Amino acid sequence: MADKVVDALLGSTVKVLVEKTINLASEQIGLFVGFKKDLEKLKDTLTLIQAVFRDAEEQQETQEFMKRWLENLEAAAFDAGNLLDDINYEMIRRKVKMQNQMKRKVCFFFSLSNPIAFRCKMACKIQKINKDLKRINEEARSFGLQSQIAPAHKYNNNHAVLISENRETDSVTVGASFVGRDDDVSSIVTQLTATSNNETLSVHPIVGLGGIGKTTVAQKVFNGLNIKNHFDKRMWVCVSDVGKHFDANKLFGLMLEKLEVPMAEVAGMDSREAKVQKLKEMLDGEERNGKKPRKYLLVLDDVWNEDPAPWNRFLDSLRGISSAKGSWILVTTRKEQVATMTAISSRPCSLEKLSYHNCWLILEKPAFGSRETPDDLKELGLELAKKCQGLPLAATVLGGMLCNKGSDVWRSILETGLQNIGGDGESYITKILKLSFDHLPDPALKKCFAYCSIFPQDFQMERNQLIQLWAAEGFLHSDPRKNICMEEVGNRYFTILLESKLFQDAMKDGYGNVLNCTMHDLVHDMVQSISECRTLRLKEPTEADFHGKTFRPIDDGLITFLAWLRVLNIASSDAEDLPESIGKLSHLRYLHLSNTSMETLPDSLCKLYNLQTLRLGDCKSLTKFPNNFKNLVNLRHFDFFHKDKSSDLTPLDIGQLHSLQTLPFFNIGKEAGRQIGQLGSLKNLSGSFEIRNLELVSNKEEAKSAKLIEKPNIDALKLLWNEIENPRENDSECNQVLEGLQAHQNLKGLIIESFFGDKLSTWIGELGKLVKFELRNCKSCKELPTLGNMPLL
């Protein structure tokens, strides 16, 4: 079964590469006259191969030579894609150069002035790739592969709508999938809240198979009102990723994080003793000093370590952090030995398998949501529920797989998909998870899901970041004919994975937008097995031991080695600068430098014409941006949030980055030549957006030049003035500026801060979709607009 899943990923990889290469070739045929015939040949050959691809994919499971043929096609398509990427980069480079020099039109430049060296070099490469593809196509004919054009996949409209279930990782609201465990929860809550407990620390383990619902039960307990009222502090810590060696030092750090203690406040923050001492300061105290010892609940989710020595040392340290009676640790584990070893003052709670009926109730929820189950599917559903072997995760994933499917698919899954799956317990769930992967509706979606194997277990995957990474790797393609951009495709994929229950614990913002999610550890194991042969992982610290060494994350030699790199993430590292050679990474799409000590960025950064995402969040030392920032013509997501609101840190030519979608804030600065009118050309801005220094805008017409009313994708808007002298003399002018900042009616959130006018504009009262409206420090404002047209407020 594992081999078939790996083969399925090979097929998906090749499909995505071939489709991407055909699209690139089609786009470039008319741009470079010297390559026109070669590009047409490349496109035509790939199209012929694409027609027989489905037959090859079906045969690879039984014929090794067909798998090798697919691997050869993958290599050729990869080379072709990189070559076309090089050509595209050269096209953009010349276009940028011409725009900067204000010279002749692009079409004449490309047709008449192609440098001979570049043209010859590219022509030779294209001819070689065409030769390889011709051989691959001839092999396809010799193998007798038949043309099978698969129908284009059509997404159900429901895939464009985020599901309503709202779950969070460590303060979760357990949805309707919580079935059949009320007695277990009640018993655990009674145990933890017993007033007769005179121990300073007790441990209650929950043990059971993977996928049986241990974490769900612990979440239900953790969020119960009785628990919230009984304990002074609650901490939820996922142990699985640190459980192999039971790193107590890391666990203490995670506990401080849950208590919202910044590590910068911990003296000697790297030492275990310093963290334990800080925990003691937070949780213990003397009543005569007015500080009462605090009773706490600590959940350690997914414990694996069976060695009692580190566990006992961990407990010894914890016993000293609070003298209060009745603190508890709630442990979840798959291992009976761990449950026996950790239990103190209680017996382990062993979760039993659910009944068929309860499995059906769990399966039914993701399959139909709030809709009534059709009669013809109830009988099939009960039979499928029996196949879940009493495991809630199996029922949840099966329900997600069958969402919006007809009875023919339900019957096919029951009679074919599950018929030959043997085993029990965790091995059985793993096979169901792999079946769910096989039924994902699009090869690119399979690639996107497999990509998630790069994250550690229990990692909170940020939705926007994940979609930006998928785009950077070339898994997402826009559809200009339908006016669908890459991000919309990525959001659709994300939603399908969420509805399929391959993603879980969705956490939302106040406007209903999903912020992040996680994967169940069994799903994580499965996705890693899928991508194992295609991903290099450093699993042990000893494999990359840089302790005691000066490690420069990027140097010139490494840049040459990483020539084809598309994603570079050195966030939260010790890097203090980037070399000028960074500009040689012409294929780079995603650059993450957040939380570093960089003061400046090299000018060569602006040669990364393919760059789509640049993240510089909380770079406190950064003082300026490089020259020619406007050259980043493909930049779509620019995160440079700075906590200092008075900072004037904004690129001067930001208004020329017409592809921008994500921009956290805009600083108006007249002396620097950065006026609010620059926002007028940024028509694709989306998400949350903030405009600072609005006191520098002088009138309504100037404010209108931002064209906020033409930006329907902005969810939340913050308008920020700084305090000025004699605000009363300027209140009429301030009123007019606010009037000119009229926002689109799609707005869900509006914050107005330090506004010094005496009245708010009437357009605010017409924002019918507004969920949140906040005024801060608006001392001169005398009246609110009419709020009767805001039913969602």
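Is isoleucine 751 buried or exposed, and what is its relative accessible area? In this predicted model, isoleucine 751 is buried, with a relative accessible area of 12%, and its place is in strand S16. The chain around it has 793 residues, of which buried residues make up 51%, and it contains 24 helices and 17 strands. The points below begin with the chain as a whole and then turn to particular helices, rings and loops.

**The chain as a whole**

- Of the contacts between residues at least 6 apart in sequence, 67% join residues that are at least 24 apart.
- The chain exposes about 37100 Å², and carbon and sulfur atoms supply 48% of that area.

- Isoleucine 751 and lysine 718 are separated by 33 residues in sequence, yet in space they are 4.6 Å apart, taken from C-alpha to C-alpha.
- When neighbours within four places in sequence are left aside, the contacts of isoleucine 751 are with Leu717, Lys718, Leu719, Lys772, Glu774 and Arg776.
- In helix H24, which covers residues 731-740, the buried residues are Cys734, Asn735, Val737, Leu738 and Gly740.
- These buried residues of H24 pack against helix H23 (700-704), and also against strand S15 (714-720) and strand S16 (749-753).
- Glutamate 729 is found in the loop between S15 and H24, and this residue is exposed, with a relative accessible area of 66%.
- Although glutamate 729 and phenylalanine 756 are 27 residues apart in sequence, their C-alpha atoms are 9.9 Å apart in space.

- Helix H18 (residues 443-451) packs with helix H20 (residues 486-499) at an angle of about 70°, and the axes of the two helices are 10 Å apart.
- Since angles of 65 to 115 degrees count as roughly perpendicular, that angle makes H18 roughly perpendicular to H20.
- On the H18 side of this contact are Ala444, Leu445, Cys448 and Phe449, which meet Tyr493, Ile496 and Leu497 in H20.
- The residues of the contact of H18 with H20 divide into 7 nonpolar, no polar and no charged.
- Helix H19 is mostly covered, with 9 of its 10 residues buried; among them are Arg463, Gln465, Gln468 and Trp470.
- Just after H19, glycine 474 takes a positive phi of about 85°.

**Aromatic rings**

- A pair of aromatic rings is described by the distance of the centres and the angle of the planes.
- The structure holds 19 aromatic pairs.
- In one of these pairs, the rings of tyrosine 451 and phenylalanine 475 have centres 6.0 Å apart and planes at 75°, so the pair is edge-to-face, given that planes over 60 degrees apart count as such.
- The pair links distant parts of the chain, with tyrosine 451 in helix H18 and phenylalanine 475, 24 residues apart from it, in the loop between helix H19 (463-472) and H20.
- Tyrosine 451 and phenylalanine 475 are both buried.
- Elsewhere, ring pairs link Phe625, Phe629, Phe638, Phe640 and Phe665 into a cluster.

**Loop residues**

- Glutamate 260, found in the loop between helix H9 (248-258) and helix H10 (272-283), has a phi near 60°, which is a positive value in a residue other than glycine.
- Glutamate 260 is also exposed, its relative accessible area being 71%.
- Asparagine 693, in the loop between strand S14 (687-692) and H23, likewise has a positive phi, of about 65°, although it is not a glycine.
- Asparagine 693 counts as buried at 10% relative accessibility, whereas glutamate 260 is exposed.
- Threonine 596 lies in the loop between strand S10 (590-592) and strand S11 (613-615), and at 5% relative accessibility this loop residue counts as buried.
- Leaving aside neighbours within four places in sequence, threonine 596 is in contact with Ile570, Ala571, Ser572, Ser573, Ala575 and Cys619.

Notes: Residues are numbered from 1 along each chain as its sequence is written. This is a predicted model: local features need pLDDT of at least 70, side-chain atom pairs count only at pLDDT 80 or more; totals for chains, interfaces and linings use all residues. Side-chain values use heavy atoms; hydrogens and water are left out. Helices (H or I, at least four residues) and strands (E, at least two) are DSSP runs, numbered from the N terminus. Buried means under 20% relative accessible area, exposed over 50%, partly exposed in between (1.4 Å probe, protein chains only). Contact means heavy atoms within 4.5 Å. Accessible areas come from the Shrake-Rupley method with a 1.4 Å probe; for residues, only the protein chains shown count as cover. Axes are lines fitted to C-alpha atoms, for helices over the stretch in contact, and angles run from 0 to 180 degrees between N-to-C directions. Angles under 35 degrees count as roughly parallel, over 145 as roughly antiparallel, 65 to 115 as roughly perpendicular and the rest as oblique. Ala, Val, Leu, Ile, Met, Phe, Trp, Tyr, Cys and Pro count as nonpolar, Asp, Glu, Lys and Arg as charged, and the others, Gly among them, as polar. Rings of Phe, Tyr and Trp (its six-membered ring) pair if their centres lie within 6.5 Å; planes under 30 degrees apart count as stacked, over 60 as edge-to-face and the rest as tilted.
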